[in-house]
Amino acid sequence: MIPLSWYIIFAAVLFCIGLYGALARRNALAILMGIELMLNAANVNIVAFWRYGTFAIRGQVFALIVFAVAAAEAAVGLALIISIYRRRTTIAVDEINMLKW
Amino acid sequence: MTSVQLVFLLTAAITLYAALMVVLSKHLVHAALWLILVLAGIAVLYVLLNAGFLAVVQVAIYIDAIAILIIIVVMLTQRAMGETSMQVNRSWWLAALTSIVLFVGLVALFNQIPFLQSDAPALDVDAEVLLDDLGVSLVDVDQYILPFEVASVLLLAALVGSIMIAWPRGSASEEEHEA
């Protein structure tokens, strides 16, 4: 069968790829996609620990709450991107600097 | 190597390649389509982990709702950044370094997990019983009804907030002016 370490290493690699995407990309939408990758990696970890650890249902409940938060985050983030695009006609995060000094 | 391990390795390889393409591809529509492949691969992993309901939720929420939303916004804002302009910022190497250092640190911490190499404990209940447990625990007063309700309030607040933010500027006052 599959040992737990495979899932954890998979989730770690996925999280690090998402982190690179969120830190390095200039496009706000690409940053949002990187954040989605990181949230998914965390969720895989939660479900894997639920499956391999002490057997209670709370792991799945935790993962469901993370789903709800991810949906809220995506909706608000995309609304912000649309709003910024309307006002500035750009979604490059290094050009959106009106809150900087 | 059993067939389950083979399925896991294949899914993990496809998912990680797709995740790399999400981060590296220049065309944002392509990145969004690769993201859908990543999300589908993670749904397969949920099935392998005996969490069938979460796999269905993954398909329904992520692939149906979030990925479609992202694609729509990509198409709305496509003119803002073409393929020719720089896709990564000046300190991209710092981001790559941070990711690699974080990965090495995480792997170094993995030795502290007690049941790292053990197999999954056998499920002593049916999948249906498990699903019943999950549903009951979400509405049971003694268990998780409070986080469940807080999540619903959060979703409502996010709904109202995103409508407010994305509302066209000035259109409300114009309607008042006309009336």
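## A tour of the pocket, the cavity and the interface

Start by selecting A:Leu64, A:Ile65, A:Phe67, A:Ala68, B:Phe53, B:Val57, B:Ile61, B:Leu138, B:Phe148, B:Ala151, B:Ser152 and B:Leu155, which line the largest pocket. Two or more of these lining residues come from each of α3 (58-88) of chain A, α3 (52-76) of chain B and α6 (145-166) of chain B; helices here are DSSP runs of H or I with at least four residues, and strands are runs of E with at least two, numbered from the N terminus.

This is a predicted model, in which local features need pLDDT of at least 70 and side-chain atom pairs count only at pLDDT 80 or more, while totals for chains, interfaces and linings use all residues. Residues are numbered from 1 along each chain as its sequence is written, chains are lettered from A and ligands numbered from 1 in the order in which they are written, and side-chain values use heavy atoms, with hydrogens and water left out.

Back to the pocket: its volume is about 180 Å³. A pocket is an open set of points on a 1 Å grid over the protein atoms alone, with protein on both sides within 12 Å along at least five of seven lines; a cavity is a set where a 1.4 Å probe fits but cannot get out, and lining residues have an atom within 4 Å of a point. Points are joined across faces, edges and corners, and the volume is the space filled by probe spheres set on them. Color the pocket lining by class and you will find 11 nonpolar, 1 polar and no charged residues (Ala, Val, Leu, Ile, Met, Phe, Trp, Tyr, Cys and Pro are nonpolar, Asp, Glu, Lys and Arg charged, and the others, Gly among them, polar).

Next, the cavity. Select its lining: A:Gly21, A:Arg25, A:Ala30, A:Met33, A:Gly34, B:Val22 and B:Val23. Helix α2(A) gives the largest share, 3 residues.

Now show both chains. Here 70 residues of chain A are in contact (heavy atoms within 4.5 Å) with 86 residues of chain B. About 7,400 Å² is buried between them, 77% of it from carbon and sulfur atoms; buried area is the accessible area (1.4 Å probe) lost on putting two parts together, summed over both. Highlight A:Arg25, A:Met33 and A:Arg51, which supply 10% of the area that chain A buries against chain B, more than any other three residues.
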